[in-house]
Amino acid sequence: LMVAIGATAALGPTPGMMGYGLSKVATHHFVQTLGGLTTKSVATKSARQLARRLRRETTGSGNSSYLNGLSVIGILPTTIDTPMNREAMPQADFSQWTKSIDISKEIGTWIQQPALRPHSGSLVKVFPNANGKGATFQLVR
């Protein structure tokens, strides 16, 4: 399992944060591209055929064990509640921020129960629940 951290904000324009937005969009693209090369992705028939051909060209057999068993997932949280973010934005409503423990619990579940993982190449939006307890994980792509 490979998890990369993208950002919900990078699903649209990021005025005033172009460098941040570009780096997160690149992360999203990386997750979707690498995820599409694994055998655990959901893709069109032509994309699956292309991925098989690329794996075969890379390994000579098409049985690249690291790609066959890999799941690549992108987590796209809202602002993560960290000491650095609290210091940088002291006037913000911290209850609207995603708790890192909620993200780590979900990743732990995916490690322990692979059948509960999103498909490889998926982008998953994460935001705190309205009641302040836990977070919601919503498949974006």
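Modeller: We can begin with A26, which lies in helix α1 of what is a predicted model.

Biologist: Why is A26 called partly exposed?

Modeller: The relative accessible area of A26 is 44%, and since buried means under 20% and exposed over 50%, A26 is therefore called partly exposed. Elsewhere in α1 there are buried residues, among them T27 and H28.

Biologist: How do you know that the span of helix α1 is close to the one expected?

Modeller: Helix α1, residues 18–37, has 20 residues and reaches 29 Å from its first C-alpha to its last, whereas 28 Å is expected at 1.5 Å a residue.

Biologist: What makes strand β2 largely enclosed by the rest of the structure?

Modeller: Six of the six residues of β2, residues 72–77, are buried, so the strand is largely enclosed. Both of its faces are covered, with V72, G74 and L76 buried on one side and I73, I75 and P77 buried on the other.

Biologist: How do you know that β2 and β5 pair?

Modeller: Pairing requires at least two bridges, and β2 and β5 have five, in the parallel sense, so they count as paired. In this arrangement L76 stands opposite K125 in β5. Strand β1, residues 2–5, is also joined to β2, by four bridges and running parallel, and the bridge partner of A4 in β2 is G74.

Biologist: In which sense do β5 and β6 pair, parallel or antiparallel?

Modeller: Strands β5, residues 122–128, and β6, residues 135–139, pair in the antiparallel sense over five bridges, and the bridge partner of V126 in β6 is F137.

Conventions:
Residues numbered from 1 in each chain as written. Predicted model: local features only at pLDDT ≥ 70, side-chain atom pairs only at ≥ 80, totals over all residues. Heavy atoms only, no water. Helix = DSSP H or I, 4+ residues; strand = E, 2+ residues; numbered from the N terminus. Expected span 1.5 Å × (residues − 1). Buried < 20%, exposed > 50% of the residue type's maximum accessible area, 1.4 Å probe, protein only.
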